[in-house]
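Here are my notes for anyone opening this one for the first time. Have a look at the picture, then work through the points in order.

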Amino acid sequence: MNVNNFRYYKTKDKVIIATLIVLIIGFLFFFHYGGKKMHSSNNSQSQYLENNSQYHHINKAKHVKYYNIEGRKVEVFYFDPNTADSTHLLRLGLQPWQVRNIYKYRAAGGVYRCQEDFARLYGLTKKDWLRLKPYIRISDDYKPAADFVGNNKEMLSHERIKTTDVNTTSPNNTTNTYHIKIKHGETISLGGDTTDFQRVPGIGPYFARQIKRYGERLGGYVNASQLLEIEDFPEEAVSFFTPSEQIVKINVNKATLSQMKRHPYINYYQAKEIIDYHRLNGPLKSLDELRFSKFFSQKDIERLKPYIEY
């Protein structure tokens with residue numbers, strides 16, 4: 001377009017042309033300077049986001065715990081729940097709140113005395129219990145002392161019980177006195193007391209108490225072989241005992257269900273069967289009347305007879 005001819009254009013055309021020129025110049029100016037500024041702003045924002053991301057990553061790393069690490073490997077190894085620290089417990093696959101419960105339990109004086117005690121941990125699943133059970137090792141320091149006194153038969157067989165024996169000590173000094181164990185051929189009545197029982201070779205305070213307690217539940221011993229019904233009782237000690245002189249019997253026609261089921265030879269269903277039988281058929285005259293009951297075997301009836309009256 002010839003600039004000299006511009007003056008011959010109409011005023012309206014001149015305005016349109018001038019407006020277009022201004023718009024083009026303005027667009028070029030904005031594109032050149034505005035684009036550079038926007039690019040700079042975008043770079044700053046990207047840099048800020050990157051820095052902020054790094055900050056959060058570093059900050060998160062500072063506070064990350066072992067149990068928050070994704071994909072942590074669960075291990076199995078021998079451990080004592082009474083002494084294992086949190087790191088070991090977490091490595092075993094326990095949850096943080098379970099570890100806290102273990103710590104609270106121990107702080108309150110709780111002790112895991114056997115593997116089964118650990119199974120009571122709140123939230124422990126059957127799968128985890130079966131996985132960890134073979135690796136639980138309870139230190140002897142945390143086991144009941146009675147286990148060692150009661151189960152160490154070799155120690156018990158040589159045990160000498162402190163007591164006051166007027167034949168071996170002076171009346172003023174009973175601190176270092178002992179009862180001598182009885183010899184083979186001598187016997188002790190099962191109707192005696194715990195001091196008498198401890199004179200038998202192999203019987204210490206633990207089994208003496210067990211003999212007394214079980215005899216009270218039975219109502220007395222009709223045969224010394226009943227001692228073998230006590231868990232881990234030393235068989236070699238049975239020959240030193242004779243049956244109780246008196247037997248306490250249960251009147252099955254008058255005793256309540258609660259009273260009968262306390263006897264070691266009568267369970268709940270047997271006691272209920274006796275109650276139902278004499279309620280429907282009248283008083284029992286013999287336990288043989290129950291021989292057709294599904295709750296009584298012939299063996300049950302025979303061993304119970306010495307303790308029953310009508």
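1. Helices here are DSSP runs of H or I with at least four residues, strands are runs of E with at least two, and both are numbered from the N terminus. Aspartate 232 counts as partly exposed, at 38% relative accessibility.

2. Now the overall view. Keep in mind that this is a predicted model. The protein chain has 12 helices and 6 strands. Of its 310 residues, 28% are buried. The chain exposes about 21400 Å², with carbon and sulfur atoms supplying 54% of that.

3. Helix α9 (residues 205-218) is worth a slow look. Phe207, Ala208, Ile211, Tyr214, Gly215 and Leu218 are buried in α9. Viewed down the axis, the buried residues of α9 fall within an arc of 140°, so they line one face of the helix. After α9 comes glycine 219, with a positive phi near 100°.

4. Next, find aspartate 117 in helix α4 (residues 115-118). Is aspartate 117 buried or exposed? With a relative accessible area of 17%, aspartate 117 is buried, because buried means under 20%. A polar atom of its side chain lies 2.9 Å from the backbone nitrogen of arginine 113. Leaving aside neighbours within four places in sequence, aspartate 117 is in contact with Val111 and Tyr112.

5. On to the salt bridges, where the count comes to 7. One of them joins the side chains of glutamate 75 and arginine 91, at 2.9 Å from N to O. This pair links distant parts of the chain: glutamate 75 is in the loop between α1 (11-63) and α2 (86-91), while arginine 91 is in helix α2, 16 residues apart. Glutamate 75 is partly exposed at 27%, and arginine 91 is partly exposed at 24%.

6. Another salt bridge connects lysine 305 and aspartate 288 (3.4 Å, N to O). Lysine 305 is in the loop between α12 (298-304) and β6 (308-309) and aspartate 288 in the loop between α11 and α12, so the pair ties together parts 17 residues apart in sequence. Salt bridges that share partners also join Lys272, Asp276 and Arg279 into one network.

Note on methods. Residues are numbered from 1 along each chain as its sequence is written. This is a predicted model: local features need pLDDT of at least 70, side-chain atom pairs count only at pLDDT 80 or more; totals for chains, interfaces and linings use all residues. Side-chain values use heavy atoms; hydrogens and water are left out. Buried means under 20% relative accessible area, exposed over 50%, partly exposed in between (1.4 Å probe, protein chains only). Accessible areas come from the Shrake-Rupley method with a 1.4 Å probe; for residues, only the protein chains shown count as cover. A polar contact is a pair of N or O atoms within 3.5 Å; within protein, one must be able to donate a hydrogen and the other to accept it, and residues adjacent in sequence count only if both atoms are side-chain atoms. Contact means heavy atoms within 4.5 Å. The arc is that of the directions from the helix axis to the C-beta atoms. A salt bridge is a side-chain nitrogen of Lys or Arg within 4 Å of a carboxyl oxygen of Asp or Glu.
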